[in-house]
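Subject: Structure handover

Hi,

Here is the structure we talked about handing over. Please open it alongside this email and follow along.

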Amino acid sequence: MSDLVMEKAAGEARPAAEQPTAGRRMAAYWPFVLPAVIVVGSVIVFPWVFTIWMSLHEWKIGGASSFVGLANYLRLTTDPRFGEAVVHTLVYTVLAVILPLVLGTLAALVFHARFPARGFLRGLFVMPMMATPVAIALVWTMMFHPELGVLNYLLSLVGIPPQLWVFHPVTVIPSLVLVETWQWTPLVMLILLGGLAAIPTEPYESALIDGAGRWQMFRYITLPMLAPFLMVAAIIRTIDALKSFDIIYAITQGGPGTASETINLYLYSVAFAYYDVGYGSAIAVVFFTLVVGLSVLLLYLRQRTKWTEAGAAI
Amino acid sequence: MMLRTLLQRAGLAFAVLVLVSPAVLFFVWMLSLSLKYEVDNAAYPPILIPETFAWKNYLDVLESNRFPQFFLNSIVVTGAATLLGLLVGVPAGYGIARMKATKSAIVVLIARMTPGLSYLIPLFLLFQWLGLMGTLWPQIIIHLVITVPIVIWIMIGYFETTPLELEEAAVIDGATRWQVFRHVALPIAKPGVTVAFILAVIFSWNNFVFGIVLAGRETRTLPVAVYNMISFEQLSWGPLAAAALIVTLPVLLLTVFAQRQIVAGLTAGAVKGG
């Protein structure tokens, strides 16, 4: 089912089965859609358009605005803080996609097996991703505390020296990724669990007859069949990791210094701490383009994995 | 042979234990922090179960800091945004599914990709211009950005799979489109409405970023109130952890009791707001 997400977007290729009465039938359903069109138009589409409009202006909250063309975008190219934010965002995203993907795959393989109280245990496993991010962040902040935090105590039990976690520029991003991984591995697991359920048993049976080992079966049957689901999980994770805000803002606010300031956090500062909404809008536009661009790239890769998967199945 | 299956079972049990423990231990530790006095929270090595429980932490939170007010704000914002989202989104999902206009769902998909902050700048200016700041309306309206796409997305999926024959029969019997929707399609798609409702509630309740910009002193929702406790009002861990637990408890309970619907909804749409 998770395929629907992208199938709908990629549905362009599917020709709609037009019937003679299709036009009249369509018209009959417009009243159902109209309220949503108005709401989506005003709270979703209007902000998109207005953001582009603002990004072409020198515009401070409470001050006058003047048209400056692409000046805000040019300013981005020479803004070192923005450049750093891009690097932080990419490092954070790469780590926060790969780790949940690997752990989520392992978790899905385990939860695919049948064992007592499986539903209940899966419910426990899923809790982190439904919990309120700010509440979670607050407790992690306490756990990261260098003197009083429980994490350094746990490290001391296995003989590892205490760390500064989110209080040191080098370890801050990995520490935040730890929280993000803890929180979002369950979503990857759920998507892949759906994928595992969809794999037929025949290939495994014939592989067993051919004397294949467990690893071989995983490598040559499970993994290729799971590839489309892995891609969906990767796309969703990429979007969410790029957009990550609550956890980072609540734990470090981009600190120490600006060591964990991602594009989203910088955008927040520019727009709502410096009230420079013109420049903030330009950042929002570039950021939006980055998110959509990366998603489309992954979608394209997904089409290819689908193709090779189909090839392998034949 | 017996030994081998026994070993395999032990291995599986161990794997499950390793997977579940980070989540369980985290929430156990959260509970422990919230029930300890300052002395116990500052102890080294850390104490899991204190000798005396600090129930006072919860009382402190509930009695001070206008917490009940913020709780009410959260209920109003999430409740209103979810109801409006259902009111607008369920018929829309039906219309889109019947018009076979699923391509239009790409708007929903792009909305899913858009960073929440990009909605905030223009809507913030709009709300200021309309003079709505200081009321709960800005937050209710902006939470529609979360709830409407979730509802539309999930409902398209449900209405696409419901059988058309019944609806066609009703049309032949002379029912209007609205009657068909209300009395034939909607009852069948009820499980979908439940899923959409639960997910909309959770993601609206959890939202933080809209609140930090749009909420004033009187209009804070719970996540914003808890965040403000860290920065200004509270420095001791016990009451802070208690507050965090109160904020997230409704969602955790919903997760435990409606686990199947949540799993169905998330794997179907994987739509998350904000």
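Below is what was found, starting with the contact between the chains and then moving to single residues.

One caveat before the details: this is a predicted model. Please read every value below as computed from that model.

**The contact between the chains**

Chain A puts 92 residues into the contact, and chain B puts in 94 residues. The area buried between chain A and chain B is about 8400 Å². Carbon and sulfur atoms give 80% of that area.

Polar links are there too. Between chain A and chain B, 15 residue pairs are in polar contact, with both residues at pLDDT 80 or more. On the side of chain A that touches chain B, helix H2 (residues 22–55) of chain A gives the most, with 20 residues. That side of chain A divides into 69 nonpolar, 13 polar and ten charged residues.

**The salt bridge across the contact**

How many salt bridges are counted between chain A and chain B? The count is one. The side chains of Asp240(A) and Arg112(B) form it, at 3.1 Å from N to O.

Next, both ends of this bridge. Asp240(A) counts as buried because its relative accessibility is 5%, under the 20% cut-off. Arg112(B) has a relative accessible area of 7%, so Arg112(B) is buried as well.

**Salt bridges within the chains**

Over all chains, a search of the whole structure finds seven salt bridges. Two that lie within a chain are described here, one in chain A and one in chain B.

In chain A, the side chains of Arg237(A) and Glu180(A) meet at 2.9 Å, N to O. This pair links distant parts of the chain, 57 residues apart. Arg237(A) is in helix H10 (residues 214–243) of chain A, and Glu180(A) is in helix H8 (residues 172–198) of chain A. Are these two residues buried or exposed? Arg237(A) is buried, with a relative accessible area of 1%. Glu180(A) also counts as buried, at 2% relative accessibility.

The cross-chain pair comes back here. Asp240(A) is in helix H10 of chain A, and its partner Arg112(B) is in helix H5 (residues 106–113) of chain B.

In chain B, the side chains of Glu218(B) and Arg66(B) meet at 3.5 Å, N to O. This pair links distant parts of the chain too, 152 residues apart. Glu218(B) is in the loop between helix H11 (209–214) and helix H12 (222–233) of chain B. Arg66(B) is in the loop between helix H3 (56–63) and helix H4 (67–98) of chain B. Glu218(B) counts as partly exposed, at 48% relative accessibility. Arg66(B) is partly exposed at 31%.

**A histidine in chain B**

His143(B) is in helix H7 (residues 137–161) of chain B. At 3% relative accessibility, His143(B) counts as buried. Which residues does His143(B) contact, leaving aside its neighbours within four places in sequence? They are Val77(B), Ala81(B), Ser204(B), Asn207(B) and Phe210(B).

**From the record**

For chain A, UniProt places the feature "domain: ABC transmembrane type-1" at residues 86–300, in an unreviewed entry. In the model, that span is 77% helix and 0% strand. Its end C-alpha atoms lie 23 Å apart.

Best wishes

Definitions and conventions
Residues are numbered from 1 along each chain as its sequence is written. Chains are lettered from A and ligands numbered from 1 in the order in which they are written. This is a predicted model: local features need pLDDT of at least 70, side-chain atom pairs count only at pLDDT 80 or more; totals for chains, interfaces and linings use all residues. Side-chain values use heavy atoms; hydrogens and water are left out. Contact means heavy atoms within 4.5 Å. Buried area is the accessible area (1.4 Å probe) that two parts lose on being put together, summed over both. A salt bridge is a side-chain nitrogen of Lys or Arg within 4 Å of a carboxyl oxygen of Asp or Glu. A polar contact is a pair of N or O atoms within 3.5 Å; within protein, one must be able to donate a hydrogen and the other to accept it, and residues adjacent in sequence count only if both atoms are side-chain atoms. Helices (H or I, at least four residues) and strands (E, at least two) are DSSP runs, numbered from the N terminus. Ala, Val, Leu, Ile, Met, Phe, Trp, Tyr, Cys and Pro count as nonpolar, Asp, Glu, Lys and Arg as charged, and the others, Gly among them, as polar. UniProt positions are given in the numbering used here, feature names are shortened, and annotations may be inferred rather than shown by experiment. Buried means under 20% relative accessible area, exposed over 50%, partly exposed in between (1.4 Å probe, protein chains only).
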